[in-house]
Amino acid sequence: MTLLTFQKEADSTPATSARPAQDRRTARPPRQEAVAPGCFAPARPADRTARAVDRWTPPPLPVPAELRRLLFGRPAEGRLHDLWRAVVSDEEFAPRTGTADERIARSYARLRHIDAVLGDSAELARDPRALAALHEWTPLVDAGLCTVAGIHYNLFLGSLLDHDGEKRDLTPYTTLRRTGTFLCTELEHGNDAAALETTATLDPATGGFVLHTPTPGAQKFMPNTSTLGGPKSALVAARLLIDGADQGVFLFLTPLSDERGLLPGITVRRVPERSGPQVDHCLTAFDTVRLPPDALLEAEHGRLDGHGRLHSSLGNRRKRFLHAIGRVTTGKLCMSASGLGMARAALGIAVRYALDRHIGGPRAGERVPLAAHRSHHGRLLAGIATAYGMTFLHREAVARWSALAAGDAEDTGDAGDAGDAGSAGNAGDAGDARDGGTRTGDDATDRAAAERLVALTKSWVTWNARSIVVECRERCGAQGLFAANVLADLQPAVEGAITAEGDNLVVMVKAAAEMIFGQESDPGRYPELTSAERTLDDPRFLRDLLARLEALWRDRARAALRQGPSGDPVGRWNAASPAALEMASAHTRLRSADAFLDAVDRAGTPEARALLTKLCRLHLLGQLSGETGELFAAGALTTRHLRGFARTVENTLAELAPHLADLVDAFGLPSAYLARVPIADGGYLDRLLDEAGGPGPATMGGADGPRPA
């Protein structure tokens, strides 16, 4: 069965599997019956209940389905997400305990389960949209699985397909008889992976290669190369040496292990255990490992003829390296997708808990849900608004990159800066997008802009995902610390996404350097009124304030660069980089605003459009909250705006609060998944009592008091 076939089937069946048979923990009325969606009705004595519901319940809005359509798309893209919702709902992905190695082995077993569902994994590897969708859903149930799946399908199989893959037998990898991994980053070369030291020397007698690790610092750092998970093969980034001349970095297909263990000449050592998701990260070295002639991955960036001469369409070694690691750009999309999925899951869990958990109210005998309090729901709503903005921005980045990938599968262009070692796929500093690829003119400009958007999206989305996950964990108190309630494990998983496929700060620095002189400021989409005539209630005004902010920081960065110390490039950049980073941040938030406003315009019902407009307003107010001083000094805001800013935020929160449940229901979290999370399913008290350990000495007693020690 192909991925496309599965998508069609998923589109015609429910997105989630049936919930498991109820026991006494899940037999209680669902949360929606205890506290109606969109209702903060306190649990009052019976004679007050009817009046309370009438006062707190807003008019019904048929919005969750429409919001979900806007978040996930229809029909083709929606089918991709329906597929992964169904997959993670399967009992195979139910939580299980175990040692670190047992959890790692389980992740590989689940990878095989996914592969069996897909049927044609090459189709998945060719499609950036499908890869991103996989990464939005798998970290909810197994972040280690998300990591090894991204490495196998994108970095390994995707790179094989991009480099004359049609000439190879890929069956061992598409059937997972061999799991693929990707070895680029070295112990001493992370952000500068273009300077890596591993060599692959052409043997003129055989036409093959000798793969070697020349120094301890050249060991490949963090790939998942242990024997856990079965036989593995790797794509190893190494310098091609021909008659002693360095031809640049290429990828070499290298078997690492078989059913009996590691192959000769290969040394693998596990790195120290780290917090968060368990993956078999290792140090890997090669001692004159001989490879056959077809180990070299060839494409237009380099081919060997029968006489051992290299022919390349790219003019220098740096460009060849950038081409070889071109899959890192799609990897950035996948990392930001994983951040999206984890942020939405955390919000869905925290909101359900806030609606279900009741505390003492202002009157005797009265109890109200946590969500009734502005101090609680205001923080969750701010996270929800940001999550919508993150999602809409990510959809734009995926669409742009997918269009380029579909238009020219051969030319992967420049991978951008791939950062330090957060996963086996991290490829280090890949340099400036303007010097990579073979395109010219507008095509090259479009490609560089799309890669830059992917990079900025990755940084902004994963940073925001961390903030959202931390906030949600805190809002659930001690319950948020229990492993069964998921939230405590999401933060270290997000940390991995922040570092993988490009350390966020380095990614932002590179993008900022390109942007200082590479593009002009946005004049604003909606300049029909002067700033003094416009109000903070209008999201389009708030959007134009972000455009103004980007222009301010760009002007400052350009001035600082020009005025920096002559003859000192590092000193000049140090003078300009603070303003340049602020410019890049403002630009990313502006792109998020545009994507959000486009979604508002696409809303199919007046009710959904009205609610989404309010949420967009809250999102943009949050993005501007720390920038009002700069905008006031520039004349973009008036004293009236400053005085009304906090009030506008509070009014917007009050308008959105009754719709808290609708806004997270649109995330489409599978019911089977939520049923496994006690605080999301209303069963946390019974679950805790059932699973609590036995009493210690002198802690429990019968009618006669404590038991003796």
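Glu514 is buried, with a relative accessible area of 4%; buried here means under 20% relative accessible area, exposed over 50%, and partly exposed in between, computed with a 1.4 Å probe on protein chains only. The structure is a predicted model, in which local features need pLDDT of at least 70 and side-chain atom pairs count only at pLDDT 80 or more, while totals for chains, interfaces and linings use all residues. Residues are numbered from 1 along each chain as its sequence is written, and side-chain values use heavy atoms, with hydrogens and water left out.

The side chain of Glu514 meets that of Lys510 in a salt bridge of 2.5 Å, N to O. A salt bridge is a side-chain nitrogen of Lys or Arg within 4 Å of a carboxyl oxygen of Asp or Glu. Lys510 also counts as buried, at 16% relative accessibility. Because Glu514 and Lys510 are 4 residues apart in helix α16 (residues 504–518), about one helical turn separates them. Helices (H or I, at least four residues) and strands (E, at least two) are DSSP runs, numbered from the N terminus.

A search of the whole structure finds 34 salt bridges. One of them joins the side chains of Arg327 and Asp162 at 2.9 Å, N to O. This pair links distant parts of the chain, with Arg327 in helix α12 (residues 327–356) and Asp162 in helix α9 (residues 143–162), 165 residues apart. Both Arg327 and Asp162 are buried. Arg309 and Asp305 form another salt bridge, and their closest N and O atoms are 3.3 Å apart. Here Arg309 is partly exposed, with a relative accessible area of 48%, and Asp305 is partly exposed at 23%. Salt bridges also link Arg379, Glu471, Glu474 and Arg475 in a network.

The chain as a whole has 24 helices and 17 strands. Of its 709 residues, 57% are buried. Among contacts in the chain with a separation of 6 or more, 76% come from residues 24 or more positions apart, where contact means heavy atoms within 4.5 Å.

In soluble globular proteins, nonpolar side chains tend to be buried together. A nonpolar core is a set of buried Ala, Val, Leu, Ile, Met, Phe, Trp, Tyr and Cys residues joined through side-chain atoms within 4.5 Å. The largest nonpolar core holds 168 residues, of which Trp84, Tyr153, Ile384 and Tyr388 touch the most other members. Helix α12 supplies the largest share of this core, 17 residues. Apart from this core lies another, of 22 residues, among them Phe209, Ala234, Ile242 and Ile266. Not counting residues up to four places away in sequence, Ile384 touches Leu347, Val351, Leu615, Leu660, Leu663, Val664 and Phe667.

His619 lies in helix α19 (residues 606–624). This histidine is buried, with a relative accessible area of 2%. Its side chain and that of Ser592 are joined by a polar contact of 3.2 Å. A polar contact is a pair of N or O atoms within 3.5 Å; within protein, one must be able to donate a hydrogen and the other to accept it, and residues adjacent in sequence count only if both atoms are side-chain atoms. Beyond its neighbours within four places in sequence, His619 is in contact with Ala385, Thr386, Gly389, Trp460, Ser592 and Phe596.

Arg562, found in helix α17 (residues 539–563), counts as exposed at 58% relative accessibility. Leaving aside neighbours within four places in sequence, Arg562 is in contact with Phe517 and Arg572. From Arg562 to Trp573 the C-alpha distance is 9.7 Å, and the two are 11 residues apart in sequence.

Strands of a sheet pair through backbone hydrogen bonds, either parallel or antiparallel. β4 pairs with strand β10 (residues 281–286) in the antiparallel sense over 3 bridges. Phe221 stands opposite Leu283 in β10.

Notes
Pairing = 2+ DSSP bridges.
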